[in-house]
Amino acid sequence: MPHTGVVPSALPTGDPAPPDGRLSRTTLDAAYGVTFGAYVHVPFCETRCGYCDFNTYTAPELPGVSRGTYADTVLAEVRLAADVLRSGDALGGRIPPLTSIFFGGGTPTLLPAEHLGVIIAELRDQFGLAPDIEITTEANPETVTPGYFDRLRAAGFTRVSLGMQSAVPKVLAVLDRRHRPGRPEEAVAEARAAGFEHVNLDLIYGAPYETDDDWQRSLESAIGAEPDHISAYALVVEAGTAMYRQVESGIIPAPDDDAMADRYVMADELLTAAGFEWYEVSNWARTPSAACRHNELYWSDANWWGFGPGAHSHVSGVRWWNVKHPTRYAALLDGGGSPAAGRETLDPAARYTEKIMLGVRMRAGLPTYELTAQARRSLPQLASWGLIEHDSLRAEQVVLTQRGRLMADAVVRELLA
């Protein structure tokens, strides 16, 4: 999703970014007091999954690039960010402390935990950390061990997100996942033993050849591992990926929309029965404290700086993205400049559209006072169609029903009509 720190392989178009990365006084004034987080992109992978569209690289694709020096390169961007944000008189060194840090990829756990810890320490020194900060890393189950989890905890991490995707061998194979079935569940137990209170398992549904029974098996395995958070995402076959080429050539079937809708319902019902509650269309948590606060930052139009090649950032309606290739990223920082490739300033209409698109996906609901008069007039019709809760009209919060979550895009279109 280009509006978050997550790094797709294709960058958007935009205006040229200033070589020094500077932000205007108006932008900095508006940033003061707004929730602020950091995303750190680690672009390295051992192998490339056929469905993945993120800006990632295997070792043979990066000749001459050292994983051992990557943390040092990121530190240079951290210092640049601190300098940019301190340049506004309104901040005057009062940069809002970070409420969350999220390491994504790629596979961050291919780097030594100590290297990740060095980045956390620099973020702490430059920005300060909120007392209850959430610090998450994504991890592939085959890249972590009990000792590695211990080192993550020592580095300051409070949360880990494991890429399980499926519990079924044939589904893992079609997704090009390398871990053996059962390994993610073991990793959850290892993370718990290391002291991680918050552990997420990521699942993907709708893969070619997956059956309803396969999906139920994956859900039951994930629930049985006893994480406190589970994410379930419909498979999207992105243009340019190996899976896209396989689908286009007829080697494997395309995902079936009706089957994916059925599997979403199955996920929601099984997870709810197991004590999880949805708080965003694709995310369920056992308790409010288990929700991913970093992702909530994206969905609530807060501010974040994305570090790393291809990473996206947002401050007060100004969005920018870094150059994609790690070599170019490092060269720009080594030269004392910003690694930003492009920038755009969102006008009020674009910010309103994004507020609707993201806010409506949240269980907390979208306040009706933030809607236009025309959008508010559409609410009774949406309720009669069973897409938003009838209580939404009385509570002045637009909350999707289960059917509405399946048709979230249609609800957004109606609200923006």
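Predicted model: local features only at pLDDT ≥ 70, side-chain atom pairs only at ≥ 80, totals over all residues.
Local features are taken at pLDDT of at least 70 and side-chain atom pairs at pLDDT 80 or more, while totals for chains, interfaces and linings use all residues. Residues are numbered from 1 along each chain as its sequence is written, and side-chain values use heavy atoms, without hydrogens and water.

Helices (H or I, at least four residues) and strands (E, at least two) are DSSP runs numbered from the N terminus. Two packed helices are described by the angle between their axes and the distance between the axes. For helix 3 (residues 113-127) and helix 4 (residues 146-155), the axes come within 9 Å and cross at roughly 15°. Helix 3 is therefore roughly parallel to helix 4; that term covers angles under 35 degrees, with over 145 as roughly antiparallel, 65 to 115 as roughly perpendicular and the rest as oblique. The axes are lines fitted to C-alpha atoms over the stretch in contact, and angles run from 0 to 180 degrees between N-to-C directions.

The crossing of these two helices is right-handed, that is, the near helix is turned clockwise from the far one by less than a right angle. On the helix 3 side, Ala113, Glu114, Leu116, Gly117 and Ile120 meet Tyr148, Arg151, Leu152 and Ala155 of helix 4, where contact means heavy atoms within 4.5 Å. By class, this contact has 6 nonpolar, 1 polar and 2 charged residues, with Gly counted as polar.

Ser161 belongs to strand 4 (residues 159-165). Its relative accessible area is 6%, so Ser161 is buried (under 20%; exposed is over 50%, partly exposed in between, with a 1.4 Å probe and protein chains only). Leaving aside residues up to four places away in sequence, Ser161 touches Thr136, Thr137, Glu138, Ala139, Asn200 and Asp202.

Thr401 sits in the loop between strand 14 (397-398) and helix 16 (402-406). Thr401 also counts as buried, because its relative accessibility is 19%. Beyond residues up to four places away in sequence, Thr401 touches Gly386, Leu387, Ile388 and Glu389. The Thr401 side chain reaches the backbone oxygen of Gly386 at 2.5 Å.

Some backbone details remain. The Gly105 to Gly106 peptide bond is cis, with omega near 10°; Gly106 lies in the loop between strand 2 (98-105) and helix 3. Asp176, in the loop between helix 5 (169-174) and helix 6 (183-193), has phi near 65°, a positive value in a residue other than glycine. Asp176 counts as partly exposed because its relative accessibility is 35%.

How values were computed: Polar contact = N/O pair within 3.5 Å; in protein donor to acceptor, adjacent residues only side chain to side chain.
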